[in-house]
Amino acid sequence: MKTKIRLGIIGAGAVVREIYQYLYFNSEYSHLLEICAVANPGEKNRNWFGALAKLPKNRRFADYKEMLTKVELDAVQINTPDHLHRAPTLDALSAGLDVLLPKPTAATVKDAHSMIQAAKKAGRYLGIDFHKREDPRIKEAEARYKSGRYGIFQTGVFYMIDKLLVSDPNHTPRFFATSDYAEENTPVSFLTVHMADAIMKITGLVPVEVRATGYSHKLPSLKPRAVKGYDLVDTEILFDSGAVAHVVTGWAIPNTAWSIAVQSGRLICSDGLLDLGLDMPGFREIHSSGVNEVNPLFRNFEKNGTVGGYGISNPGRLYQQMLAHQNGQPVAKDMDTILPDFYTAVISEAAEKSLASGKKIKTGVTRGVTIDVKKFVRSQIGASAKQYGLK
């Protein structure tokens, strides 16, 4: 029986620095993982991670395909930008490896569908790390809502707005590995997917329409390098019950904000209201760097060097499932998991399509068109839409 997963790391950028390095080396799940190799096109991050993992030079690759052919692995974790999830996932699955990915599954419906189907065909484990699924506040909200305590969900607003330093290529140190990340991406794939997934987890609802409004005022004014991108996007989601949610995400609030991600959520129901102060977990510090809300629920640094919290435990539990799968034990990947994995990609691409097809109504404001989810998914994957409940 296997006791460790021989793991290759594809991509060693911001998400590894902020979260996964602690999972790999300083968590209660670290003993499950043997970090065997890293592949990253940028030499700086490749060697930073290689040194951290104590990997010899011949286990540090610029091309992940070379890593897959030269190193004996059980699985890979793919930490690339969202639009680059598909190719390494399919290559790893075809090589007989399991795969773990940070959210979202992919940037497009076609990519997400092809990855889910490839995992089924290969009989391999495909895990998507939506770490808010392990946030105790989200889990408590789900249990209470689904008990009928609040009646019928009617409308809600979730927001997640990062400090400007996240998107600003002029900030030192730069948050993302590439200077054009905020120009090539929007807050939708980076942040909206988190909150949309949380709403679907709590309510169990399925989206039927998506419409986005984008605001581009701050990023184009940055100096010396301006960014042609959205500061903020308001994504309106109509669900199959008739409920409407607004997911407001962005990355341009002042760096003096009390948290790197100012976030919260409110669900208004027929018999009650849920108010989730997600960025105020009860630990506030006053320091020379400012007034900060520290979130030990997400990352909990203990004095012995161990790091816990739901940002660590959610991917850790996925690795526990992966190891059980590799040992021939049954692991449930039912539609309760697959549907949110898929629908977050649907919401993300639909919001992007809404903006791309929209019109400018004021300087810096784009009002997107309404996207019919069923029609959109059918246009992308045809009759396969039925597998996701879209008949």
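Biologist: In which loop is P173 found?

Modeller: In this predicted model, a cis peptide bond joins T172 and P173, with omega about -5°. As for its place in the chain, P173 is found in the loop between strand 7 (153–163) and helix 7 (181–184).

Biologist: What is the omega of the peptide bond from K103 to P104?

Modeller: P104 belongs to the loop between strand 5 (98–102) and helix 5 (109–122). The bond that leads from K103 into P104 is cis, and its omega is near -15°.

Biologist: Is K54 buried or exposed?

Modeller: K54 sits in the loop between helix 2 (43–52) and strand 3 (60–61). Although K54 is not a glycine, its phi is positive, at about 55°. Exposed means over 50% relative accessible area. K54 has a relative accessible area of 73%, so this residue is exposed.

Biologist: Why does the pair of F342 and Y388 count as stacked?

Modeller: The structure holds 16 aromatic pairs. Planes under 30 degrees apart count as stacked. The ring centres of F342 and Y388 lie 3.7 Å apart and the planes meet at 5°, so the pair is stacked.

Biologist: How many residues apart are F342 and Y388?

Modeller: Both F342 and Y388 are buried. F342 lies in helix 10 (residues 335–356) and Y388 in the segment after helix 11 (373–381); the pair thus links distant parts of the chain, 46 residues apart.

Biologist: Over the face of which residue does R17 lie?

Modeller: Among the aromatic residues, ring pairs link Y20, Y24, F25, W48 and F49 into a cluster. R17, at 5.6 Å from the ring centre, lies over the face of F175.

Notes
Residues numbered from 1 in each chain as written. Predicted model: local features only at pLDDT ≥ 70, side-chain atom pairs only at ≥ 80, totals over all residues. Heavy atoms only, no water. Helix = DSSP H or I, 4+ residues; strand = E, 2+ residues; numbered from the N terminus. Buried < 20%, exposed > 50% of the residue type's maximum accessible area, 1.4 Å probe, protein only. Phe/Tyr/Trp six-rings, centres within 6.5 Å; stacked < 30°, edge-to-face > 60°. Lys NZ or Arg CZ within 6 Å of the ring centre and 35° of its normal.
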